[in-house]
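Subject: Structure handover

Hello,

Here is the structure I said I would pass on. My notes on what was found in it follow below.

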Amino acid sequence: MEVDSSALGAANTGCYNYVVTAHKPTAVTQSVVANFTGPNDINLITACCTRLEIRTLGAQGLVAVLDVPIYGNVSSLQAFRPRDLQTDLLFILTEKYKFCVLQYDSAKGQLVTRSNGDVADRTGRPTDNGQLGFVDPACRVIGLHLYDGMLKVIPMDERTGALSEAYNVRLEELCVLDMAWLAPTSKGSAAGPSGSSAAAASGRPLLCVLHQDPKGARHVKTYEAALAAKELVEGPWQQQHVDAGAGILIPVPAPLGGVVVVGENVLSYCGGPGAGPGGGAPVSAPLRQTIITAWCPVDPDGSRYLLGDRLGGLHLLVLAHDGAGRVSGLRVEPLGHTSTPSCLSYLDSGLTFVGSRSGDCQLVRISPTPVNQPAPMEEDSEAAGAAAAAAAAAAAAEPPSYVELVDSFPNLGPILDFVVMDLERQGQGQLVTCSGVDGDGSLRVIRNGIGINRQATVELAGIKGVWSLRAHYGDEHDAYLVLTFVGETRLLALNAEEELDEAEIPGFDAAAQTLWCGNTACDHLLQVTSSSVRLVDSSSLALVSEWRPPAGFSINVAAGSPTQVVVATGGGHLVYLEVQAQAGGAAVVEVANVTLDSEVACVDVSPLLLTAGPGLAPAGPTDSGSSAERSGLVAVGRWDQTLQLLAVPGLTPLSVTPLGGEVIPRSVLCVGLEGVPYCMVGLGDGALHTWRLEPATGALTDRKRVVLGTKPITLRTFRTAAAAAAAAGGDNGGARGGGGGGVSVFAASDRPTVVYSSNRKLMYSNLNENDVAHLSSFHAAAFPHSLAVASEAALTIGTADQLQKLHVRTVVLGEQPRRIAHHEAGRLLGVLTQRVDPDGEERGQLRLLDDTTFDVVASYGLAPGEMPCSLAAWPRGLPGSEGAAGGSAAGAAAAGATAAAGGSASAASAAGPATFIVGTVLLRPDEPEPSRGRILVLEYLPGGAGGAAAGGGAVRLVTEKEVKGAAYNVRPFAGDKILASVNNKVTVYRWVVREGSGGPGGCGAYELASECHHLGNVLALYLAARGGLVVVGDLMRSVSLLSYNAEQGVLEHRAADYNSGWTTAVEILDDDNYIAADNHCNLYVVRRNADSATDEERARLQVVGEFHTGTFINQMRNGSLVMRLPDSEHAGLPPPLLFAGTDGRLGVVARLPPALYEWATKLQTAMRSVVRGVGGLDHEQWRAFANDRRCGEARGFVDGDLIESLLDLPPEDVARVATVMGPEVTAEELTRRVEDLARALH
């Protein structure tokens, strides 16, 4: 690729882009089972394209150990163990010809690089069938097949695993399909002199090659690797003309040895002991025609293997042998169905991991008996007999399945298309992606934030606080919900029908507003109001003790724990009370009081509930006096904008910390998250301050400030369902068992936020409920692990989503989605799908779904042999109809019919029926390039309107336009036009209304007429439009720019990037800058030289930015996953761009101001100097632009993933990065700026 010399830096071009991952890759390409983290550990190691994930199999399933980025796309992942080592090593090869050997340091919990290197050659044709990396079972050599006709050999010390210098050897076979090192046959095996044990006797590794000759026939051949002579010599056997669809070699370990050749119709075992020069007679077994995509061994002796096919079928291959090392037969048994596997890994005791690129990854258990067969019934009644007969008939209708799903790991890939919906019009979109392949196809709804799954709602207005109470301190479930209002307190309890009903506790003051309440450790209930602190017996519900402030004072602020209460009575007076057991029962006793020099704004005395973790001892009374039932300190937020910590019981001052600014603190909380103690203060302006807390001394460190909203913040702790499973407890001081695991913090404001800890780093996730003022855990028998959420008008009981940054909902389709479009006015999603029917015929469909419930409301089938290509939503009424001007008669009738039927009017727009434009292609097997297709205009008629059946919608064909090729792209354009690309032609179509009664409302029949077109592409696959500008992404000719002249009705060529490039997606950044992705996983930006002096310069699109993403990008769209606050530092950034690819990754491209880009570039350089890539892989080389013609440094882009990895570094490394940045940069300020930037973008 030629590059303009004037475009060598962002400073010269004004290209300032920030690329960051919003959702990590999820498509698993490689997996191995190894004893990696310890000699007795069973580890599952998976490669998700550019990430390495290590898990350990434990009693509770797979437990995450490490998740690290790899500076490269992993093409080969192998585990091996040299003779002198106690644990396995890991060999990784990347698509950019880098490799490394990793070992796990259990003491530090880190990966250690033992070897690395570059195996690229200056000459050679990269192999078309993918890179192959394979390790000799005896750990003598590593083989790499990277270029046609060449094998790269890396000798290895079989004892230590040390690698020697690599060298190349020639291969006669130019089309290699698979390779493997065969296991040395054991010395005791009965092999003839010409058998495969000859290689073992010679001490040479034995290489097996599956290849295809120029005539299409496939053969297996063996070579011996003469390491001393650095050459390959003829092996002991070969097998000619294996199955025509053979593509996989399964090396069989000793004592059996040999290899299984996996074809589409036949499985063959070759090269066992005694195989002669011709390979001997192979042992074969028929295979129902399919394509095997993955395999893994079950037994160490190689007698059983699991095979997975492209339709998700799981099979067991059994090698029958005589016990003396001779295989006598093969047997294949179907087990059941899973996701379509890209890799399989057998763990232990029937547990198997199914890694997939096209569906969710799964952990399944293989059962010895069918799991879909009905269990025998003991009842002998007639009804039971009929039920048993029905169940038996249903079981007989489907084959037995031995596969039981244990766990599922969501995978978004491959994402073929997506749409951004902002249903609430707040600037925060949710993505709906077309994910999966064939039967694994689904829609994935992705949003930023945590949702509440509602279970019950009670209409109550004016709630000022909510708490949950247990009937007794030791009970498992909550019994009451305490709701407080201005001037009163009300209780709700579950009745016999498990419904929330009014309740009463006589000892509570129902005529006063409650400031705090909770269970106490001495099995009493505690209520704090403005006039008193009331202790109520949990059995009799009678008042047993009461503390009142002195005359003339009232309680303004209160907080408590199971044994303590702290109240502020005005004038800076702070009183510390304890609930103490006495001879007559229990009483509230004043222990200490103090007068502060400033008024108290908020107070907290919550136990930290620290749990033991790496490097931390369990908290207890021996350190700060804290335990599960009491706190060792009191936190006070004061009106003079300071935070003060005092020790109990004497209220001895420990520390005073200025908050800065002029805003009063409104809430303070001390909490332990993942064993780390924090102190948090919420201010009246929506800002949240956090510190790490030293409980014994009250010292505060690692201060951070985050803006969560614009209104005052109130802080409360709670537990979600997942956390409650590990540590049962409430949020009102009554934690049972003393464990603090799984606690999260709810920050109520105008943007409710959940604060939680992940990998010992504070994370912030929005609550997808805008109107939330108060929240409490509510773990009742009828509502287990639930939350009580109070808004201005109602109380809702529900469960919270899992705490994570992005939340994914799956809408199963069972067929492959290809294209998606959102009709905003009609509140509909249009999805183009395709499936393969049992008769082998491919069918295309348009599915219309409600954009809120995602229920299918209507479908439209394409013609036989017609495949969907493109889809767009027509946002307005059809031209010439009343709907185009604001509401057609048909649209009004449809909306009225829907409302009359009691349905939602959201499915029909007031501007007329929802209209979609579909581009298709008619496939003919004898055509090298399609010559026929259609552009269809379809409109949705709700139930009961326009002839649609009542209760269900229908899709009506408005008009169709036959085109000479595949309609790769259709989209609304220039107000009332349609822009389409058909093969190599870009055409603008206009609407024509023919007189008559064929159209809706009697306005005539619609037709599409070509107004103008432009030729000059190989295949115009992608279109982006802005005003009258059209950017075309070509199959081979990169990007070109067209301009539509509406007055003259012409489409004119303006400029082009004359470098060759295989484009995969395009989008417009602004009028002069356009971004594109190519098939080598690169992003690049081109600029129009509209102000240049010469016609030649104006006709050239200048490349001003290049960056390697590592993701094959299928779609790019403008949109944002987060809502920016108006007063945010980054509120003025241009709207970002979202992209998605085949590996399930979602990314963000943001344009930065020059000063911020310069700072980010400087930080990127500092991070490169401090942070070493896994395996010693170089970050700069990884992000460098590379295609078939050239390589070049990344420019115009900065890597947000590297920059935001600063937040995961230990404090000493952050300090080193700050030092490299300059003497004026502090670690605290650096962390704050990176956190703010991350929160603003994703």
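Which backbone oxygen lies 2.9 Å from a polar atom of the side chain of serine 981? The oxygen belongs to alanine 1020. Before going further, please note that this is a predicted model.

Serine 981 is found in strand E71, which covers residues 977–982. Its relative accessibility is 0%, so serine 981 counts as buried, the cut-off being under 20%. Leaving aside residues up to four places away in sequence, serine 981 touches Ala966, Ala967, Tyr968, Asn969, Val986, Ala1020 and Leu1023.

Now the chain as a whole. The protein chain has 11 helices and 87 strands. Of its 1242 residues, 56% count as buried. Among contacts in the protein chain with a separation of 6 or more, 55% are between residues 24 or more positions apart. The chain exposes about 48,800 Å², and carbon and sulfur atoms supply 50% of that area.

In soluble globular proteins, nonpolar side chains tend to be buried together. The largest nonpolar core here has 61 residues, and Leu52 and Leu111 touch the most other members. Helix H7 gives the most to this core, with eight residues. A second, separate core has 27 residues, including Trp467, Leu469, Leu535 and Val588. Returning to leucine 111, its contacts are Phe36, Leu52, Ile54, Leu66, Val68, Leu102, Gln103, Tyr104 and Val1174, again not counting residues up to four places away in sequence.

- H7 (residues 1154–1170): at 1.5 Å a residue, its 17 residues should span 24 Å, and the end C-alpha atoms are 24 Å apart, so the two values agree. Its buried residues are Leu1156, Tyr1157, Trp1159, Ala1160, Leu1163, Gln1164, Ala1166, Met1167 and Val1170.
- H11 (residues 1227–1241): this helix has 15 residues and reaches 22 Å from first C-alpha to last, close to the expected 21 Å. Buried in H11 are Leu1230, Thr1231, Val1234, Glu1235, Asp1236, Leu1237, Ala1238, Ala1240 and Leu1241. The cover over the buried residues of H11 includes H7, helix H9 (1200–1204) and helix H10 (1211–1221), along with strands E1 (17–23), E53 (699–707) and E84 (1146–1151).

Regards

Note on methods:
Residues are numbered from 1 along each chain as its sequence is written. This is a predicted model: local features need pLDDT of at least 70, side-chain atom pairs count only at pLDDT 80 or more; totals for chains, interfaces and linings use all residues. Side-chain values use heavy atoms; hydrogens and water are left out. Helices (H or I, at least four residues) and strands (E, at least two) are DSSP runs, numbered from the N terminus. The expected span of a helix is 1.5 Å times one less than its number of residues. Buried means under 20% relative accessible area, exposed over 50%, partly exposed in between (1.4 Å probe, protein chains only). A nonpolar core is a set of buried Ala, Val, Leu, Ile, Met, Phe, Trp, Tyr and Cys residues joined through side-chain atoms within 4.5 Å. Contact means heavy atoms within 4.5 Å. A polar contact is a pair of N or O atoms within 3.5 Å; within protein, one must be able to donate a hydrogen and the other to accept it, and residues adjacent in sequence count only if both atoms are side-chain atoms. Accessible areas come from the Shrake-Rupley method with a 1.4 Å probe; for residues, only the protein chains shown count as cover.
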